[in-house]
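Colleague: I am new to this structure. Could you take me through how to read its features, one at a time?

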Amino acid sequence: MQPLIEVRNLRYRYEDGTVALNGVDFHLDPGESVALLGANGSGKTTFVMHLNGLLGADGGGGQGSVEVCGMPVDKKNLAAIRRKIGMVFQDSESQLFMPTVLEDVAFGPLNLGLDAATATERARAALDRVGMAGATARAPYHLSAGEKKRVAIAGILAMEPEILVLDEPTTFLDPPGRRSLADLLQNLPQAKILVTHDTSFARSICTRAVFFRNGTVQASGSIGDVVDQFGWDLTPAGNASGR
Amino acid sequence: MHHVVLERWSRRSSPMHRSDPRAKIVDLLVFLVVLATAHRGLPLIAAALGALLCCAIVWSRLPLGGALARAAVVLPFSLAFAAVCWLAGDPARGVHLAVKSYLSALAVLLVVSTTPLPILLRGLEALGAPRFLLMVAQFLYRYLFVISEEAQHMAKAAQSRGATAAGMLARAARFQAAAGALAVLFARSYGRAAEIHRAMLARGFQGHFETVATLRFRKADLALAIAGSLGPVALRFALERCC
């Protein structure tokens, strides 16, 4: 079975000289959900930004190979790869840039070349799926943090991607919002990559975890094993901090 | 904030709200040219054009007092220039400047308050306005609120550490600190812009902005465009002949 994502020996250095990734190997199989764990600055977000070519596609600062659905991530394949990978950013405020919810969710499908009627239809279906069907005419800045996150996810689902990448999806969410997001993600069939510090949330969605430290993968395995190995659990039964 | 109120007004229902934005933009341009180029008999012409605007505001089911008050936002700027004219020995020019700028602002406010922003931008685009400028306007409108909130948070953080607005300006060191805070706000806005750009790229943006808003120019819109253009022109010619 061909993996959806295959990364080999990925290295990346920012312009200021900071080494963010130092030889990362990774794979994601169809239908799989993987949590990326690790301290702030360990390279998780830099890593996921390579998956759809937001970093590294121009060859600057990076080495190694990234393949998505068998296609190398380079300038030639960017449009096709961005159809395959939907990325939900940490701060939904930055992702919701259109004046109304419906227009924002339709932004991706319109960029795929769909006509306005089909894009609207897809946007409405995606909003319905995340429970925001009644918010089409609302302005994004009138939404709560949980609603913004749902609309941001709808904006990605409307593009019908095969892989979802979510960067710190529980940031700014209260416990009910967090629970409702977990329910939503559990019911989505796409393969998922979750960048998170929230291990209990990760446990509810993912089966495998990859632990990043100093730009390298320190461990990969079942989420329970990885969390125990690095003392990354914040629940009462676990330890309070990473090592 | 002003733009939140205007947006709420723009979502109301009236014949003016339902009109095609192109008809309203053409009317607005004609109105502005008629007003800006009027000299002879200006007090009478300004009064007549002001009355015309008030009728249009009432017809659009907008609160007249609120609209008149909000248009006064330009007065601090135009009154400053009017004061310069006064000091230069040309008080009539100063009064003309203040009156023209106020009525122009009222006319713009009428169009903005009866046309949701995406539709207005679509209308401007259809009339040949540069896409890039429209995109900048759209982002400015969307993120003004967010940047203002960030500024308020920073102000609160400064106040919680004993800073006051008067104190910030009173001493050189504190003034430097206030200037530094502005620089931080600028850097945050820049960071926000970079994030938004990444989010757009991740959803397939390739430099061309598509929206789902579609326009239909009906007979009623043609009638509005003609009546709204001829009205101010006829008023001005009639009043100039009287003077």
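Predicted model: local features only at pLDDT ≥ 70, side-chain atom pairs only at ≥ 80, totals over all residues.

Colleague: How many helices and strands does chain B have?

Modeller: Chain B has 12 helices and 0 strands. Along the principal axes, the C-alpha atoms of chain B fill a box of roughly 65 × 55 × 30 Å.

Colleague: What percentage of the residues in chain B are buried?

Modeller: A residue is buried if 20 or more other C-beta atoms lie within 10 Å of its own. In chain B, buried residues make up 25% of the 243 residues.

Colleague: Is helix H1 of chain A mostly covered or mostly uncovered?

Modeller: H1(A), residues 44–51, is mostly covered, with 7 of its 8 residues buried. Among them are Phe47(A), Val48(A), Met49(A) and Leu51(A). The buried residues of H1(A) also include Lys44(A) and His50(A). Just after H1(A), Gly53(A) takes a positive phi of about 75 degrees.

Colleague: Now the sheet. How do strands of a sheet pair?

Modeller: Strands of a sheet pair through backbone hydrogen bonds, in either the parallel or the antiparallel sense. In chain A, 6 strands form an open sheet in the order E6-E7-E8-E3-E9-E10, and the pairing is mixed. Its edge strands are E6 (85–88) and E10 (216–222) of chain A, each of which pairs on one side only. From one strand to the next, the twist averages 15 degrees.

Colleague: In which sense do E3 and E9 of chain A pair?

Modeller: Strand E3 (residues 33–38) and strand E9 (residues 208–213) of chain A pair in the parallel sense, over 5 bridges. Within this pair, Leu36(A) stands opposite Val210(A) in E9(A).

Colleague: Which strands does helix H6 of chain A lie across?

Modeller: H6(A), residues 145–157, lies across E6 and E7 (163–167) of chain A, and runs at about 165 degrees to E6(A).

Colleague: Last, the interface. How many residues of chain B are in contact with chain A?

Modeller: 24 residues of chain B are in contact with 29 residues of chain A. On chain B, the elements giving two or more residues to this side are H8 (117–126), H9 (131–159) and H11 (172–202). H11(B) gives the most, with 8 residues. By class, the side of chain B that touches chain A has 12 nonpolar, 5 polar and 7 charged residues.

Technical notes
Residues numbered from 1 in each chain as written. Chains lettered and ligands numbered in written order. Helix = DSSP H or I, 4+ residues; strand = E, 2+ residues; numbered from the N terminus. Buried ≥ 20, exposed ≤ 12 C-beta atoms within 10 Å, placed from the backbone. Contact = placed C-beta atoms within 7 Å. Nonpolar A, V, L, I, M, F, W, Y, C, P; charged D, E, K, R; others polar. Pairing = 2+ DSSP bridges. Axes fitted to C-alpha atoms, helices over the stretch in contact; angles between N-to-C directions.
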